[in-house]
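Subject: Structure handover

Hi,

Here is the structure for you to look through. Please open it first, then read my notes below.

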Amino acid sequence: MEVQPAQDITLQDVEDALREPSPSARTSIGHAWYFAEAAHADQKRLSGESFFQHPAHVAHALAYAGADIPTIVSALLHDTIEDADISGEELEAHFGSEVRYIVEGVTKLGEIKYTGDEAYAEQLRRLFLAASGDVRVLLIKLYDRLHNMQTNYMHPQDRAWRKAQETLHIYAPIAEQLCMGEVKRDLEDLAFPYVQPQEYEATKALREAVMAERESAARHAASLLSQTLSARGIQTTRTSVHAKSLYRLHAKLQRTAGVIEQIEDVYSVRFVVKTPVDCYRALGVVHSTMRAVPGRVRDYIAFPKSNGYQGIHTSVYSGAAAVEVQICTEEMDAHSQYGIINTACNTVRWLSDVSDMCAAIMTADPRELMKNIAQDFFGYRICVFTPQGDSVYLPAGSCAVDCGYAIHHVVGDHIAKVRVNGRQVSPTTPLQNGDIVDIVTSASGKPDTAWLEHVKTTRAQLRIRESLCRAL
Ligand code: MN
């Protein structure tokens, strides 16, 4: 495995990475830097480097991703309670209650271990509970894990394997849910060789066989299209060529029976343009310049993915090879990489879902419930719309009853009639991505026991049971 020599991070590096380096931000970060450095002074990592370089790396990566100052400060301090015997009171006296809360959250989360089904559920529960307090705890955990995976090769084989399992089964799905594409991709690719060494080597060999041809096809498409776009008056602020991550490539190969020729985004080209309207104009230019692969357009601007990802994807032929082209705005691009860090509203949606789940956790059979929640959060999701155009995200296979309860329990409890895309259907008919769901309520409408067999969300299940109990 290729091992990159680690570069030492300096306080200057962290300051340089700040989006808004105000004097007060510098003061807080400097204070935390020296405090943590002193706290970890005698500690070394397995590699022999100073332990403090670990929190320094985590804080640097978070600063670079645009995290706020309390998150960066907490990242510097994140191991001081656990590994340096600093107390919560002491942290609060120096850095305030917000930082104490976050660092204690990270500490409480502790070592999340992947050991099997039931334990997995228990770990997820702890994660959610922590996240429902402050999602910044999760951000630090993710970047903590990312740095630990970068140095995973130092551990004995069984420990390295276990860390990699946890990374694939717990951390990467959470990064995806938070729309932190870069982090998810890095976590997966760092874990892959430990978890499935043979598949890793095989996928690498398959990719190497087509790499030269695909990369040059992608570069050709990138240069031809960016010339054409600018000739048509569409300004691109950035053009880049990306290789698909090895782990994702492996996952996709499962669906094409191992035929890499069927995969169009081994390399993809990404154009960043000014406005959403430019995205659609650019799509027109792309399709009139290079031959499109039929049926490959995905409009994630009109239909964002459940984690908020937006952009337009299409595939074109560049010579003999197909290349995926992605078009998005600056804002969409930033969101796809660092998601929740910069998007407060996304955080709010996530948190309201989570706190609902946490309330439920306390009351139901934990094993069954956690399976369902994992499904709700990490399974494939669809996006449907209210007649007013508000989007509602649901697990695949959900019906109007799920949608009703997702909007408000009063809506779910009083469904009288349901129209999907203008046609009246039963409330339990499975919905499709993009459906417009019109739920008509009435005072006399009430939940039906039979619904329980059809609903897919934990929320709907719990609410229906509750209402039925009340009616008894
Ligand atoms: Mn750590």
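Of the 472 residues of the protein, 52% count as buried. Buried means under 20% relative accessible area, exposed means over 50%, and partly exposed lies in between (1.4 Å probe, protein chains only). This is a predicted model, so local features need pLDDT of at least 70, side-chain atom pairs count only at pLDDT 80 or more, and totals for chains, interfaces and linings use all residues. Residues are numbered from 1 along each chain as its sequence is written, and side-chain values use heavy atoms, with hydrogens and water left out.

The overall picture comes next. The protein has 20 helices and ten strands. Both are DSSP runs, numbered from the N terminus: helices are H or I with at least four residues, strands are E with at least two. The protein exposes about 21,800 Å². Carbon and sulfur atoms supply 51% of that area. Accessible areas come from the Shrake-Rupley method with a 1.4 Å probe; for residues, only the protein chains shown count as cover.

Now the inside. The largest nonpolar core has 95 residues. Such a core is a set of buried Ala, Val, Leu, Ile, Met, Phe, Trp, Tyr and Cys residues joined through side-chain atoms within 4.5 Å. Leu77, Leu142, Leu187 and Ile327 touch the most other members. Helix H9 (residues 135-150) gives the most to this core, with nine residues. A second, separate core has 20 residues, including Leu394 and Ile464.

Look at Leu77 again. Leaving aside neighbours within four places in sequence, Leu77 is in contact (heavy atoms within 4.5 Å) with Ala32, Phe35, Ala36, Leu91, Phe95, Val99 and Val103. Leu77 is also one of the buried residues of helix H4. Why is H4 largely enclosed by the rest of the structure? Eight of the nine residues of H4 (residues 69-77) are buried.

His57 sits in helix H3 (residues 53-65). His57 counts as buried, at 17% relative accessibility. Its side chain makes a polar contact with the side chain of His147 (3.5 Å). A polar contact is a pair of N or O atoms within 3.5 Å; within protein, one must be able to donate a hydrogen and the other to accept it, and residues adjacent in sequence count only if both atoms are side-chain atoms. The His57 side chain also reaches the backbone oxygen of Gln53 at 2.9 Å.

Next, charges. The structure holds 21 salt bridges. Each is a side-chain nitrogen of Lys or Arg within 4 Å of a carboxyl oxygen of Asp or Glu. Arg238 pairs with Glu330, with the closest N and O atoms 3.4 Å apart. Arg238 lies in strand S1 (residues 236-243) and Glu330 in helix H15 (residues 330-338), so the pair ties together parts that are 92 residues apart in sequence. Asp265 and Lys244 also meet in a salt bridge (3.0 Å, N to O). Both Asp265 and Lys244 are buried. Glu89, Glu92, Arg100 and Glu104 are linked in a network of salt bridges.

Ala257 is not a glycine, yet has a positive phi of about 50°. Ala257 is in the loop between helix H13 (246-255) and strand S2 (267-273), and counts as exposed at 70% relative accessibility. Asn421 also has a positive phi of about 50° without being a glycine. Asn421 is in the loop between strand S8 (415-420) and strand S9 (423-425). Asn421 is partly exposed, with a relative accessible area of 48%.

Best wishes
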